[in-house]
Amino acid sequence: TGAAAQTIKATTYATVNTSGAGIKTNSGTVTVNTALTGTALTNSATGILNIGGTSPITTLNAATVGNVVNYTGAAAQTIKATTYATVNTSGAGAKSIAGVTVVNNTLSVTGGTLTNNSTLTVTTALSGAGTLVNAGTRTLNIGGTSTMTTLTAGSIALIRRRASSPSIPGIRTSRKTRSICWSATSLSATS
């Protein structure tokens with residue numbers, strides 16, 4: 001709480017509740033086991049934020065290159081809808097995305113299941129030994145590579161980035177391919 005900028009001490013907390021006008025920043029490794037709540041938190045370029053419980057915080061600023069947010073819960077968790085640099089999911093609890101989410105570097109599903117119930121954009125890499133489920137007609141945009149072990153999809157768009165085409169094992173694209181749309185019943189490419 002406070003009107004001035006504050007740095008959150010790198011340690012393990014049951015709950016972190018931010019409030020006040022000052023920017024609250026994590027520059028170390030902060031673990032929140034139960035709930036991340038309040039108005040806003042900024043995860044700096046050196047910040048590692050481990051969330052083991054809920055994250056109903058109003059604003060999570062996690063887009064700065066270099067920072068990492070880990071969702072580690074043993075129970076079900078909802079991934080905060082925001083823009084991230086890097087996100088890792090682990091733990092036995094099912095994870096879900098309920099709002100528009102962008103991951104500018106890597107999304108890694110290292111265990112369990114992550115279900116996309118909205119629009120998920122991964123611009124660089126999608127990886128992990130877990131399962132990513134793209135529910136129904138929800139949108140999953142992959143702008144880089146994918147080495148996911150299991151990807152179950154209703155609709156996936158592979159978006160061409162720069163001079164290289166996206167890479168997903170088993171799907172071939174050429175430099176002329178602008179996008180590929182894959183659904184549960186068909187695979188089509190457009191140039």
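Residues are numbered from 1 along each chain as its sequence is written, and side-chain values use heavy atoms, with hydrogens and water left out. Because the model is predicted, local features need pLDDT of at least 70 and side-chain atom pairs count only at pLDDT 80 or more, whereas totals for chains, interfaces and linings use all residues.

An open sheet is formed by 5 strands in the order β9-β12-β15-β18-β21, with parallel pairing; strands here are DSSP runs of E with at least two residues, numbered from the N terminus, and two of them pair if DSSP finds at least two bridges between them. At the edges stand β9 (77–79) and β21 (150–153), each with a single partner strand, so one side of each is left without a neighbour in the sheet. Within this sheet, β15 and β18 (residues 131–134) pair over 4 bridges, and Thr 115 stands opposite Val 133 in β18.

Asn 116 lies in β15 (residues 113–116) and is buried, with a relative accessible area of 0% (buried means under 20%, with a 1.4 Å probe and protein chains only). Beyond its neighbours within four places in sequence, Asn 116 is in contact, meaning heavy atoms within 4.5 Å, with residues including Ile 97, Val 133, Asn 134 and Leu 140. A polar atom of the Asn 116 side chain lies 3.1 Å from the backbone nitrogen of Ser 118.

Strand β16 (residues 119–122) pairs in the parallel sense with β19 (residues 139–142) over 4 bridges, where Thr 121 stands opposite Asn 141.

How values were computed. Buried means under 20% relative accessible area, exposed over 50%, partly exposed in between (1.4 Å probe, protein chains only). A polar contact is a pair of N or O atoms within 3.5 Å; within protein, one must be able to donate a hydrogen and the other to accept it, and residues adjacent in sequence count only if both atoms are side-chain atoms.
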